[in-house]
Amino acid sequence: MKAIVLESPGDPSALQLREIAKPYPRSGWVLIQVKAFGLNRSEMFTRQGYSPNVQLPRILGIECVGIVEVAPDTPFQPGQTVAAIMGGMGRAFDGSYAEYTCVPQACVFPIQSTLDWSVLGAIPEMFQTAYGSLISGLAVQAGQTLLIRGGTSSVGMAAAHLAKDLGLTVMATTRNPAKVNALKANGVDRVVIDDGAIATTIRQSVPNGVDRVLELVGTTTLIDSLQCATPGGIVCMTGILGNAWSLPDFSPMAQIPHTVKLTVYTGGTEDLAVEHLQRFIAGVEAGQSRVNIDRVFRLDEIVAAHHYMESNQATGKLVVAVNAP
């Protein structure tokens, strides 16, 4: 089979297209013919060498959609359409940057869909992260105000759409004024141009602060995001678009406002119920839910895809369609 193999950390050219042996699953594992997969920044960080627990060589990729080839001693049947996410994919064992991937059954979700593979491939991890951040991380409720820091990311776009469906007023940030219309078209009520310090701007329109903040940029804007929250509000850090893992000289008593709650969302397969995923897929099919896809690449365009992801140009999800013409 064709696969993208990372032998050692480096720039996108470190991702090498190879012909390797097709895997075969042991008991309790599922062999999936990969049809499409979304790109995720965690894969970029692994490629850059920031995942010290990942042993190389490795096939990256933490999600995919495709068809079951064989699944010994599992409930899955050959020919069944499935999504697979997380659970060690692309990290503890080889992931989805390939024509076939072999994963434990706990990573696999049965789905039904008439969507194009490239659209379906954009959904699993994006939906899981956005939904989990809103429900588990932020405990959102109808009528609240939500600020999404990093609104044009794929998770940010999905979270905005889901939050509007849940009855929230949504504010979202972008550093690029050219992306304002895309955010508004996605249902965002107010767009804020992000210069790194927006708390004053936010409080001009919401004097007491917003109820919830979804922090997708990460530590580079986290302190400012905390200042945007109302007393008793919640700030949930889910992403690190700012490419900084730690916060130097963090002083919680001085930098976390009184009674504002700070948490993180790093959930995996255990936070995703198949019925929620299927309901979202059905909503996309019916035109009631939206999937924002920026670009679709072929497997042999993986180097260009990683260059594009690293450039932060995208407004929405990047997808690789395997064996696309």
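Mentor: Start with R298 and E301, which form a salt bridge with their closest N and O atoms 3.4 Å apart. This is a predicted model, in which local features need pLDDT of at least 70, side-chain atom pairs count only at pLDDT 80 or more, and totals for chains, interfaces and linings use all residues. Residues are numbered from 1 along each chain as its sequence is written, and side-chain values use heavy atoms, with hydrogens and water left out.

Trainee: Why is the pair R298 and E301 called a salt bridge?

Mentor: The term requires a side-chain nitrogen of Lys or Arg within 4 Å of a carboxyl oxygen of Asp or Glu. The closest N and O atoms of R298 and E301 are 3.4 Å apart, so the pair meets the rule. By this rule the count comes to 10 salt bridges.

Trainee: What makes R298 partly exposed?

Mentor: Buried means under 20% relative accessible area, exposed means over 50%, and partly exposed is in between (1.4 Å probe, protein chains only). R298 has 32%, so it is partly exposed. E301, with 26%, is partly exposed too.

Trainee: Which residue forms a salt bridge with E63?

Mentor: K317 does, with the closest N and O atoms 3.1 Å apart. E63 is in strand β4 (residues 63-70) and K317 in strand β15 (residues 317-321), 254 residues apart. Helices (H or I, at least four residues) and strands (E, at least two) are DSSP runs, numbered from the N terminus.

Trainee: How do you know whether E63 is buried or exposed?

Mentor: Its relative accessible area is 0%, so E63 is buried. K317 counts as buried because its relative accessibility is 1%.

Trainee: Which helix gives the most to the lining of the second largest pocket?

Mentor: α9 does, with four residues. A pocket is, on a 1 Å grid over the protein atoms alone, an open set of points where a 1.4 Å probe fits, with protein on both sides within 12 Å along at least five of seven lines; lining residues have an atom within 4 Å of a point. Among the lining residues are F127, H276 and S289.
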